[in-house]
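Open the model in your viewer and keep the sequence panel beside it.

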Amino acid sequence: MLTTTTTRVLETGELEAALAVLDRDPVANAFVAARVHIAGLDPWRLGGEMWGWYAGGRLESLCYAGANLVPICAGPEAVRAFADRARRSGRRCSSIVGPAGPTAELWSLLEPHWGPARDVRAHQPLMVTRSMPADIGPDPLVRRVRKDEMDVIMPACVAMFTEEVGVSPLAGDGGLLYQARVAELVGSGRSFARIEDGRVVFKAEIGAATDRACQVQGVWVAPEHRGRGLSVTGMAAVLRYALQEVSPVVSLYVNDYNAAARAAYRRVGFEEVGAFMSVLF
């Protein structure tokens, strides 16, 4: 029996079908699922298009095409279709990110047209936990960042981003978009920090969040305070907030070469369940 396949931009009325695909892996798909839950499928509100790959008229795979290109529940045939559409559209994203297998396939097809990349992080362990550690006390000084503390948290956010990504988030538009994102996290109560004498010692955010899973991001300790275990107790504090107030599963992904961070996350109970891959332009 022949099976017809097609790829197109999803229409706003296909929200239920899109959410069904995202719900197949709520942890790996948390970033895109959170955006869809808030914005639906309208490209203006979503910040990008949602491409769908259909087999026999049924929606089977997705690809978010915005500031990031993110393959979702995509097998080899869907990846090839998404790569062809991306190649024809031209590169508009600053990164390709997603589960390591499909993302590697997607990049292998796009690299001849979009390469070279500024950096390729082929194996970023995806880690999850569902409970608080029994032997680690949360840092009592880690708290929500207040809305009037934007001038305090921004330098730490810029330092973390520059250290992690390799470029400053202030480039291009002067940091307007980045500052808006930080303000959004602060305003929603998902930015946490330990602040001493007006300076950030530790910080982290709960970035993507749904009622099934959330993702911690932007974990950073000021260089002069590193080696004191603040990332462990700080993460325990953020984890407590996340499990009590956001979702039953907390996830993050980390560069495989960052041995210190991986060890800290394991200390508070995170376990590796898979891997992401990031291609940075």
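Contact here means heavy atoms within 4.5 Å. Helices (H or I, at least four residues) and strands (E, at least two) are DSSP runs, numbered from the N terminus. The model is predicted: local features need pLDDT of at least 70, side-chain atom pairs count only at pLDDT 80 or more, and totals for chains, interfaces and linings use all residues. Residues are numbered from 1 along each chain as its sequence is written, and side-chain values use heavy atoms, with hydrogens and water left out.

**Stop 1: helices 4 and 5**

Select residues 76-89, which are helix 4, and residues 100-114, which are helix 5. The two helices pack at an angle of about 30°, with their axes 9 Å apart. Axes are lines fitted to C-alpha atoms, for helices over the stretch in contact, and angles run from 0 to 180 degrees between N-to-C directions. Helix 4 is therefore roughly parallel to helix 5; angles under 35 degrees count as roughly parallel, over 145 as roughly antiparallel, 65 to 115 as roughly perpendicular and the rest as oblique.

Now show side chains. From helix 4, P76, V79, R80, F82, A83, A86 and R87 meet P102, E105, L106, L109, L110, H113 and W114 of helix 5. By class, this contact of helix 4 with helix 5 has ten nonpolar, one polar and three charged residues (Ala, Val, Leu, Ile, Met, Phe, Trp, Tyr, Cys and Pro count as nonpolar, Asp, Glu, Lys and Arg as charged, and the others, Gly among them, as polar).

**Stop 2**

Twelve of them form an open sheet of mixed pairing, in the order 1-2-3-4-5-12-6-11-10-9-8-7; two strands pair if DSSP finds at least two bridges between them. Which strands stand at the edges? They are strand 1 (5-9) and strand 7 (143-144), each with a single partner strand, so one side of each has no neighbour in the sheet.

Zoom to residues 191-196 and 199-209. These are strand 8 and strand 9, paired in the antiparallel sense over six bridges. R194 is opposite F202 in strand 9.

Helix 8 (residues 230-245) touches strands 6, 7, 8, 9, 10 and 11, and its direction makes about 35° with that of strand 9. Helix 4 lies across strands 1, 2, 3 and 4, running at about 140° to strand 2.

**Stop 2: helices 1 and 2**

Select residues 15-22 and 30-39. The axes of helix 1 and helix 2 come within 10 Å and cross at roughly 155°, which means that helix 1 is roughly antiparallel to helix 2. L15, L19 and L22 of helix 1 meet V32, A33, V36 and H37 of helix 2.

**Stop 3: helices 6 and 7**

Select residues 150-165 and 176-187. Here the axes of helix 6 and helix 7 come within 11 Å and cross at roughly 120°, so helix 6 is oblique to helix 7. On helix 6 the contact residues are M150, I153, M154, C157, V158, M160 and F161; on helix 7 they are Y178, Q179, V182, A183 and V186. The contact of helix 6 with helix 7 has eleven nonpolar, one polar and no charged residues.
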